[in-house]
Amino acid sequence: MAIRPGWLLPSGQTRQTTRLTALGAGIPVDPLVTRSGILPGSAEGKYRVGGLSLTGSGPMTATVHAGRALVQGRPEQGAYPVVLDGDTVLTFGDGDPLNPRIDLVVLRVYDDDFDGLTRHEAVLEVLAGRPEAAPAAPAVPPASLPLFTVRVKAGTSAGSGGIAWTGGDLTDLRTTVTNVGGILPVYNNAGVPGSYPGQYQDNDVAHHLQRWSGTGWVAYPKEIGGVAPQGALTVGGYTGQYREHNGVLQRWNGTAWTAYQPPVETESLTAGAVALTGWSVVSYDARRTRGGLCTTQVTVTRTGAQIDANSAGNINDEPLCTLPSGWRPSMSVDAVASDGYADGSAWLSTSGQVTLRTWASNGALVAGRNIRVSATYILP
């Protein structure tokens with residue numbers, strides 16, 4: 001076993017060490033500082049982070065397993081690539097008789113050129129905490145990557161059963177790092193700010209890809225205007241966001257989710273109606289949707305002789321005008337007609353002809369008086 005630090009020793013870096021520590025990783029924190037962390041990955045790709053894991057190997061001992069990491073020192077130091085190429089056993093001191101403590105396991109880089117501690121090496125260290133009723137972990141030393149905390153209860157020793165390695169005494173502090181432009185697999189670092197707008201991370205807890213906007217992590221579907229899947233959102237992130245909810249597409253209006261109603265595309269026409277004998281067209285207005293629903297209103301004026309209706313409201317069928325092609329009903333429909341004094345019914349044929357068929361009892365179609373005919377129908 002050897003801990004191999006890259007570009008740390010004053011002389012003698014071997015080709016093997018150079019190969020092992022060529023990590024190709026480094027997310028900037030600022031123009032000079034790189035984020036410290038563990039390179040992700042595990043055997044057969046089963047786990048997000050396998051490197052530098054810790055498992056109990058005895059009542060008061062634990063094994064740190066092989067892995068690779070970056071450890072950032074002060075800005076002027078740069079980042080140190082470090083490799084643990086084999087398992088390493090760590091020993092923890094017995095517990096205090098009265099109070100618990102929290103020990104901190106770190107991967108630490110010593111560089112005499114910067115710290116003056118007369119060492120050039122990377123080591124695994126157990127920093128014993130202070131026994132207290134409410135203990136806290138020791139502060140992380142400079143140029144160190146925190147890996148785990150270990151709670152050592154009062155009276156803990158090999159004779160008392162030792163540390164509960166799988167019973168809650170071990171806390172994983174490892175975080176991940178990847179290369180610039182790479183997607184960071186989140187591990188204990190979901191809330192760490194991004195380094196640049198456009199950086200991505202895969203949030204395994206939230207189960208979605210996130211993009212750093214410059215001020216916060218934004219779920220990738222929200223950033224591109226995609227539809228959030230079932231159960232992903234309870235509150236919208238912006239007005240106009242969409243989600244799928246129980247088979248219904250919903251839109252966030254700023255305060256609540258509402259069922260999405262697609263905008264109705266319409267087309268209008270104000271010319272093209274042709275008057276028939278005894279009539280003139282005053283105005284024509286029609287509007288149709290892309291789905292084929294049409295509303296028409298045509299106003300005509302009587303230019304011929306007056307037509308009188310009998311007491312039953314009967315008149316001979318009176319053709320008024322013809323609607324333009326493309327704006328005619330798919331089947332013959334009835335329409336309402338009125339001149340402001342009386343009203344009646346008209347008939348719209350599939351050929352577009354508008355024919356007045358009935359009028360008010362004892363009413364009259366007076367010359368010079370406008371008659372408005374209105375109808376809504378389905379286009380072919």
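Two strands count as paired if DSSP finds at least two bridges between them. The close-up views below are taken from a predicted model.

View 1. Strand E3 covers residues 54-58 and strand E4 covers residues 61-64; four bridges pair the two in the antiparallel sense.

**View 2. The open sheet of strands E16 to E19.** Four strands form an open sheet in the order E16-E17-E18-E19, and their pairing is mixed. Strand E16 (227-228) and strand E19 (257-259) are the edge strands; each has a single partner strand, so one side of each is left without a neighbour in the sheet. Strand E17 (residues 242-245) and strand E18 (residues 248-252) run antiparallel and are joined by four bridges. His245 lies opposite Val248 of E18.

View 3. Thr296 is part of strand E23, which spans residues 293-302. Thr296 counts as buried because its relative accessibility is 3%, and the cut-off for buried is under 20%. The side chain of Thr296 makes a polar contact of 2.8 Å with the side chain of Tyr377. Leaving aside residues up to four places away in sequence, Thr296 touches Tyr284, Asp285, Ala286, Leu323, Val373, Ser374, Ala375 and Tyr377.

**View 4. The largest nonpolar core.** In soluble globular proteins, nonpolar side chains tend to be buried together. The largest nonpolar core here has 29 residues, of which Trp359 and Val373 touch the most other members. At least two residues of this core come from each of strand E22 (279-289), E23, strand E25 (314-322), strand E26 (333-338), strand E27 (343-348), strand E28 (353-358) and strand E30 (370-378). The most is given by E30, which supplies four residues.

View 5. When residues up to four places away in sequence are not counted, Trp359 touches Ala309, Gly313, Ile315, Ala337, Ser338, Asp339, Ala342, Asp343, Gly344, Ala364, Leu365 and Ile371.

Technical notes:
Residues are numbered from 1 along each chain as its sequence is written. This is a predicted model: local features need pLDDT of at least 70, side-chain atom pairs count only at pLDDT 80 or more; totals for chains, interfaces and linings use all residues. Side-chain values use heavy atoms; hydrogens and water are left out. Buried means under 20% relative accessible area, exposed over 50%, partly exposed in between (1.4 Å probe, protein chains only). A polar contact is a pair of N or O atoms within 3.5 Å; within protein, one must be able to donate a hydrogen and the other to accept it, and residues adjacent in sequence count only if both atoms are side-chain atoms. Contact means heavy atoms within 4.5 Å. A nonpolar core is a set of buried Ala, Val, Leu, Ile, Met, Phe, Trp, Tyr and Cys residues joined through side-chain atoms within 4.5 Å.
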